[in-house]
Each structure stands twice: as C-alpha cells, then as structure tokens.
Amino acid sequence: MTPPRVRIAPSPTGDPHVGTAYIGLFNYVFARKHGGTFVLRIEDTDQARCTPGSEQAIFEALKWLGLNWQEGPDCGGDYGPYRQSERLPIYREHVARLLAEGKAYRCFATPEELAEMRKVQREQKLDLAYDGRYRDYDPKQAEQRAAAGEPHVVRMKVPREPGATTTVHDCLRGDVTFENRLIDDQVIMKSDGFPTYHLACVVDDHLMKISHVIRGEEWITSTPKHVLLYQAFGWEAPAFYHLGLLRNHNKSKLSKRKNPVSVFHYRDLGYLPGTFVNFLGTLGFSYGDDRERFTLDEMVERFEWSRVSPGGPVFDPVKLAAFNADDIRAMDVDTLTSQLIAHLYTPERLRAIVALARERIDLLDDFVPYTSFFFAGKVDYSQVLGKMKIKKRTRKEVVNILKTYIEEIERDPAARGFTAPELETFSRAFCERHGWKTREVFTLLRLSITGRTAAPPLFDTMAAVGKDRARLRLRDAADVLRQQPEW
RNA sequence: GGCCCCAUGGUCUAGCGGUUAGGACGUUGGCCUCUCACGCCAAAAUCCCGGGUUCAAUUCCCGGUGGGGUCACCA
C-alpha cells in the first residue's frame, strides 16, 4: 500500500477532548503502521466558538499522549497552511468554481426566515429540511444582489433526479446508501465568508492529499454530502472509516455532564500517558491473545482494521484507574519517586502552595497535613456537610447553584486561565447574576474545593488546586449533596 | 418522528459453523496476612428475540426489539 496520509482535525473550542485523543490514536497508529503521515489540522472556521489558547492546548494534549504529527500549524509541511482560518482564499476560489458550474447557488434566506420555515415544518410534522427556495433563483440576479453586498450563504446543489441515491463506502461497515431527496442543500459558505465544516473538510482533505478519513461515527450521516462534493469537484474521495463513539455509562455520547472529558483532567490527576493511550486503545481495538496491556509501539505493530470493532464503547474510568494502578505497581521505587516529585512537587506549584501556607503553619511538619487538599483528587465532605446548609436555601437550590457555577465557569472565556483574579471577577459577577450573596457562594466553593471550613484565601486556593481538580470536586460536592436528605 | 449505525456477563473485549463461550475491570465469597493494600483461588452470560440457511449456528441471511448517532449560516 502506498503510504497513507491521515489527519486529525480538532476544533479549538475548549479543553482538548478525550474523543479527539481517541480518534487521534487510531489515525496515528494506522499512519505509523504503514509508514504514512499523520497531519494535524485546526478547524477554526467558527469564529464564535473558537477560544484563544485551546489550539495550544490541543498540541499539548496530543504531545503528552505521544501522538506526534508530522505536518501541522506548528511544524508546517508541504500542504499548508494547516489552520483553516488561514485558508479562506482557497475556499472562496473553490466555492466560486462550484457557483460558476451551477453546482452551488446563493441563498438569501435569513436565519429568521429559515427558523420560521422549520417551525412550520415541525407543526405540520414534515421532515425538517431546507425547502430549496433559492435553488432555482436566477443566477444573474443572485450575482447582482451579492455584488451589492447583500448578506447570503452559498449552498451545494444536491442532484435531485427522482430516486437518486448516494452511496458511501465505509471500510468498517460496508456500503451505506442514502436517498438524495433526504440530503439537504447544505450551506457550504456562511454569510461571514467562512466555509462550513463540510466544504472546508473536503477541500482540505483533497488538497492535503488525505488518503484515509478516520473519524467518529457522528460524521457518518454527513458523509454523503462530502461524497457529493467530491463528485462536484471531480475528485476521488478518500477511504472512510467511522469509529464508534465513546459513551457515558448510560450509553449516550461521552459528555462532560457525565464524565471528565478533558485530556488535562487525566494528566493533572496523575494518570500516566502510556496507560491512558493503552486504555483508549482497548476501546474498539483488541490486541488479541487475551492481552489488553500494550504500548503504543505494540499497538502499531499489531494494528489491523479487522481487529477494530464498530460498536461504541463505554468509557469506564474505573477500569482506566485499575490500569493505572497496575502500572504504578510495576514501576520500581526510584522511578515512581521521581514521577511523584515531577507530578506533585514541581517548583512552581510547590512555591505557590508554600506562599499560601507560610502564615498558617507553625512547624515545618504542619505543612503536609495543612496542604493535603491541594494534592488529593477528591476530598472527604463528611465533616463539612452540615456547613453546606445555607440558611434560607433549599438543598436543591444549593445543588443547582453549584452545578450552574460549574457550567458557567467552563463556558466563560474570561475564566479560562483559572487565575485568582479571573476567578474572583467571574465569581463575583456570578453571584450578582444569580442573586446569591458572595458569602453564600464563596462558602460553598470553599467547602467543596477544600473539604474544610478554614483554608487560605479562596481564589488563590482554587487557582493552586487547579482547574480540573477544582471542577472534579465541585461536581463531586454537588453529587454528594444531591444524595443527602432534604434539610 | 425521518434517515443511518450498532448488538457476547454490569463494562471493555476474544471468538471468524462443531469451544466446558476465553481474558480484563467491577461485584460477591475464600486464601494469604499484625491492619490495610497487593497477590492468589473461586462464583455468576437465556452469546437481545423470532424466523430462515445448514448435519450443525454465538458465528451466515432476513425481520423485530433495544441502544446510539444525526437532522444548524457548530464542528
């Protein structure tokens, strides 16, 4: 086989996701197995959702796991740029070509108009779909309106011959056929001039000579649109492999509601990177020989698509922890000692904690017990549960305010850095917004984060505890409270 | 709801027509042991259901059921 070119194409919209690592792993392993190339492309075409710093975070997460790429925005390559926001002229050129050939058309329907259309369709219990209201609009007139600066999108013109179908060959699942009448005239260029995923992905995969598209099952229903785009351009489509989606315990798609999904959570709480990739590798792939512990190199050596199953596996953190425990036991004491020092006692982190502890310890020996909660994963709430009963607030209200806090702090870009000033600004605004006294919320935060009534200043403490550990505890505290009897 | 994907213990999986259905996590019981942990041993599966095909189906085909995904100017 000629050396494959594969890619991972994450969106820099938040913390690096476990699912990205999972798909990245399979791409990486497949490329290496066949001496191919693993490309990293950043899909930052949604200006509203991209957050600063998350591109860097993706680099960090993949490197931590050892999933190294040969071409990407940081290291370049022959097919760059590797950031979609830097490829806008390329997309415009390709859209212009489709427009000129009548394979796409401009649509002037406003978002409100389309929302109204869907509302009517819903009421009449029709299929939700774009009704093609601009599909046959006079191109000359459309060009005039566009030239005059009227906002609009560009849609692909899906072939509508009666009975027409589009077949996607999935190498893991076989042929999957879709009726064209059920495929929307998808928007390929948004009114802000940015391409949508569908267009950008097809154009880039072609131009970057991607031979195998290995991605999550969530994409399988949009693959016919991609196939149609390849046909419209007259290009050969790559081979498609849709892997099952990682699931929560209730089988729904892995989500932060139910599980920590940031790769950094696992890194910062002391999971070993080799263990983590090994665990991801056991989901969907099987080594055979009743063996499930293997290194990345061993997985590469053994990898074959016939060893990959298409079902969506449940991501079980308990089993992951058991793997980690095994690997810790297997380390000699010296290695483990240095790993522990590197993980817990980095000079910067230790210094930050010492600064907070100095005025509160009398003997050097007081340090460890006083600061234990900075290092633990979860903390014990049994001693402080009573203190979480905020006067005039029901248990449910307390649980909800904690949950809301978690949700909002994850979403707020201003709190991304998780520094003390950011946290304070965010938290004060949060109290204001929800009509809670700072005293009430700050108490809850302190108890949840530290498991104690007395601790160093809250926001410095939160910052030193770290984002993922803090999030874990807030969620855990909310869970513990939820299971308490009403007060 | 339409379309699409998937289906071996609670979970991850081995199996590729004939097996006492194997391993791992978890659970339960036991052993080891100054405690705990580790370690060791053991227990638990209508192979989703119903039809076919076949001398023979967990394995192949069809239908059902169940679960999931997707139906945006998000990816």
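Q: Which residues line the largest cavity?
A: Pro16, His17, Thr20, Ala21, Ile58, Ala61, Leu62 and Val263 line it. On a 1 Å grid over the protein atoms alone, a cavity is a set of points where a 1.4 Å probe fits but cannot get out, and lining residues have an atom within 4 Å of a point. This is a predicted model: local features need pLDDT of at least 70, side-chain atom pairs need 80 or more, and totals for chains, interfaces and linings use all residues. Residues are numbered from 1 along each chain as its sequence is written, and side-chain values use heavy atoms, without hydrogens or water.

Q: How much space lies in the largest cavity?
A: About 40 Å³, counted as the space filled by probe spheres set on the grid points.

Q: Which helix gives the largest share of that lining?
A: Helix 2, with three residues. Helices here are DSSP runs of H or I, at least four residues; strands are E runs of at least two.

Q: Switching topic. How many salt bridges are there in the whole structure?
A: The search finds 42. The criterion is a side-chain nitrogen of Lys or Arg within 4 Å of a carboxyl oxygen of Asp or Glu.

Q: What does glutamate 71 pair with?
A: Arginine 5, with the closest N and O atoms 2.8 Å apart. The pair links distant parts of the chain, 66 residues apart: arginine 5 is in strand 1, glutamate 71 in the loop between helix 2 and helix 3.

Q: Are those two buried or exposed?
A: Both glutamate 71 and arginine 5 are buried. Buried means under 20% relative accessible area, exposed over 50%, partly exposed in between, using a 1.4 Å probe and protein chains only.

Q: And glutamate 101, what is its partner?
A: Lysine 103, at 3.2 Å between the closest N and O atoms. Glutamate 101 is partly exposed at 40%, and lysine 103 counts as partly exposed at 32%.

Q: Which residues are linked in a network of salt bridges?
A: Asp15, Lys256, Glu410, Arg416, Lys467, Asp468, Arg471 and Arg475.

Q: Why does lysine 467 count as buried?
A: Because its relative accessibility is 19%. Lysine 467 is found in helix 19.

Q: What does its side chain reach at 3.3 Å?
A: The side chain of lysine 467 reaches the backbone oxygen of arginine 416. Beyond neighbours within four places in sequence, lysine 467 is in contact (heavy atoms within 4.5 Å) with Asp15, Arg416 and Phe418.

Terms used: Chains are lettered from A and ligands numbered from 1 in the order in which they are written. On a 1 Å grid over the protein atoms alone, a cavity is a set of points where a 1.4 Å probe fits but cannot get out, and a pocket is an open set with protein on both sides within 12 Å along at least five of seven lines; lining residues have an atom within 4 Å of a point. A polar contact is a pair of N or O atoms within 3.5 Å; within protein, one must be able to donate a hydrogen and the other to accept it, and residues adjacent in sequence count only if both atoms are side-chain atoms.
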